[in-house]
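The sequence and the model are shown below.

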There are 2 protein chains.
Amino acid sequence: MTTILVVDDEPAILRTLKAGLTARGYEVVTAATGRAALNVLTSQIPDAVVLDLGLGDMDGVDICRAVRAWSEVPIIVLSAEDSEHRKVVALDEGADDYITKPFSMPELLARVRVALRRRGSATDDDDPVLRCGQLHIDLPRHAVTFAGAPVDLTPKEFAMLAALTRYPGRVLTHRTLLHEVWGPGYDTETHYLRVYASQIRKKLGPLGGQMLVSEPGIGYRLLDPSEE
Amino acid sequence: MTTILVVDDEPAILRTLKAGLTARGYEVVTAATGRAALNVLTSQIPDAVVLDLGLGDMDGVDICRAVRAWSEVPIIVLSAEDSEHRKVVALDEGADDYITKPFSMPELLARVRVALRRRGSATDDDDPVLRCGQLHIDLPRHAVTFAGAPVDLTPKEFAMLAALTRYPGRVLTHRTLLHEVWGPGYDTETHYLRVYASQIRKKLGPLGGQMLVSEPGIGYRLLDPSEE
DNA sequence: GACCACCGTCAAGAACCGATCAAGACGAAC
DNA sequence: GTTCGTCTTGATCGGTTCTTGACGGTGGTC
């Protein structure tokens, strides 16, 4: 989850920003004062900061400088002033971008994406691999291995196994699985599940096949050996 | 010496920019057309690019995208238009900043400093030659060799192979590839991919062709021999 | 034991997808 | 305007995957 800290002392703007960012799927943390912002930043570093320069208790530029002492988190400064001098100072003191109010939400979002993109390319080496016992599912590579041996799955098989592996040990109902793999409108086609469960078990081999158990009348579940 | 490429088709602005940047101690290279800019960028990657969107021969956004295919050099876009849509598109296609004309020189300089500061802190290992087994791709020169022999690719073929080589061994989804090579709005044209994959395989020869494998229903992937 | 509901397996046809060839459209260069 | 290379689009073939139906098994209930 991508987290963005929004700092502004005007409740109306804070609300607008939060709504716009949340709508795009970001987790938003807010702060109304410079002190509160620094507090947040010492406990949890977000993926980006949107910072209004005009706060009641502190100058935004001081916040930039303070943050830069220990973090490279991207800072996008908002300001009512179009003063050239302020801009230059803020940018030189650590701000990554400077937007003058009134600003447009799409533009702000685009600039947030730029800031995040930069961070993203810096640390790009963690491919999320789902694990469940000897079963490894490398989502970005669409590669599955069981006990080290590669398992060749079709797209639907992969989707179904990935859905189950996302919640090891938990039961996924027939409806949930059908919804996840086939999309809405297939809620009653439980036969698909039986066919695919069978195929997956066959491909995982005798050992791996045992991991996929059916809960009669409910759904399917992947045994999580670490839980036993 | 820090080098900055300035691209603008208006001689007066070009002169102003060059004077301002040179006065601050930067080495300035200029280009008056998109073509000229890309030419410069293939022979020498500057530390930052200042790019006017309104060029005679090409759309600035296309230049952003083209450059991003092989380099992360910071791009600061200048534009006479204050169109929100243009801003968003330019930023999403690789621009790092967007300044609306008329702009102030101190602000531009501050934003250039921001761009350079970032580059300084970033890992400086951008070797512009991608490798994957016997395949070598010299991004700035648009030159590809397989097992030492040069391979002659068209621009789209090159872009597709380069995108794949950037993540050796990893699957790039159809959508990702289409987005990378053709830009947004081509998400469903998977037929392009088939045609180009076929052409690339043919040009890479029997050995090289095997490296480009399709993951049915998902996308394409370049085999990374160093991983096996 | 008969019935029922549910699961597992198998197999065949349909639907889909990928590879390739080739022709037409388009644009740049001369 | 012509020519050339590139991009787009259409047609076809071969293969895989998905869907569907048939059948057998299991466990519970009457």
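**Chain A in outline**

The structure is a predicted model. The secondary structure of chain A consists of 8 helices and 12 strands. Chain A has 228 residues, of which 32% count as buried. Among the contacts in chain A with a separation of 6 or more, 55% are accounted for by residues 24 or more positions apart.

**A sheet of three strands**

In chain A, 3 strands form an open sheet in the order S10-S12-S11, with antiparallel pairing. Strand S10 (171-173) and strand S11 (212-215) of chain A each have a single partner strand and stand at the edges, so one side of each is left without a neighbour in the sheet. From one strand to the next, the twist averages 30°. S10(A) pairs with strand S12 (residues 219-222) of chain A over 3 bridges, in the antiparallel sense. Within this pairing, A:Thr173 stands opposite A:Gly219 in S12(A).

| Helix of chain A | Strands of chain A touched | Angle between directions |
|---|---|---|
| H7 (residues 174-182) | S10 and S12 | about 75° with S10(A) |
| H8 | S11 and S12 | about 140° with S11(A) |

**The corresponding strands of chain B**

In chain B, strand S10 (residues 171-173) and strand S12 (residues 219-222) run antiparallel and are joined by 3 bridges. The bridge partner of B:Thr173 in S12(B) is B:Gly219. S12(B) also pairs with strand S11 (residues 212-215) of chain B, over 4 bridges in the antiparallel sense. Here B:Val213 has B:Arg221 in S12(B) as its bridge partner. S11(B) and S12(B) form a hairpin with 3 residues between them, and B:Gly217 in the turn has a positive phi of about 80°.

In helix H4 (residues 84-92) of chain A, the residues A:Lys87, A:Ala90 and A:Leu91 are buried. These residues lie on the same side of H4(A) because they cover an arc of only 95° around the axis. An α-helix has 3.6 residues a turn, so residues three or four places apart point the same way. After H4(A) comes A:Gly94, with a positive phi near 125°.

The contact between the chains takes 22 residues from chain A and 24 residues from chain B. On the side of chain A that touches chain B, the elements giving two or more residues are H4 and helix H5 (105-122) of chain A. H5(A) gives the most to this side, with 9 residues. The residues of this side of chain A divide into 8 nonpolar, 3 polar and 11 charged.

The surface near DNA strand C divides into 6 nonpolar, 8 polar and 4 charged residues.

DNA strand D is surrounded by 16 residues, the closest being A:Thr154, A:Lys156, B:Thr154, B:Pro155 and B:Lys156. Two or more residues of this surface come from each of helix H6 (155-165) and helix H8 (190-209) of chain A, and from each of helix H6 (155-166) and helix H8 (190-209) of chain B. The surface near DNA strand D comprises 7 nonpolar, 4 polar and 5 charged residues.

Note on methods. Residues numbered from 1 in each chain as written. Chains lettered and ligands numbered in written order. Predicted model: local features only at pLDDT ≥ 70, side-chain atom pairs only at ≥ 80, totals over all residues. Buried ≥ 20, exposed ≤ 12 C-beta atoms within 10 Å, placed from the backbone. Arc of directions from axis to C-beta. Near = placed C-beta within 6 Å. Nonpolar A, V, L, I, M, F, W, Y, C, P; charged D, E, K, R; others polar. Contact = placed C-beta atoms within 7 Å. Pairing = 2+ DSSP bridges. Axes fitted to C-alpha atoms, helices over the stretch in contact; angles between N-to-C directions.
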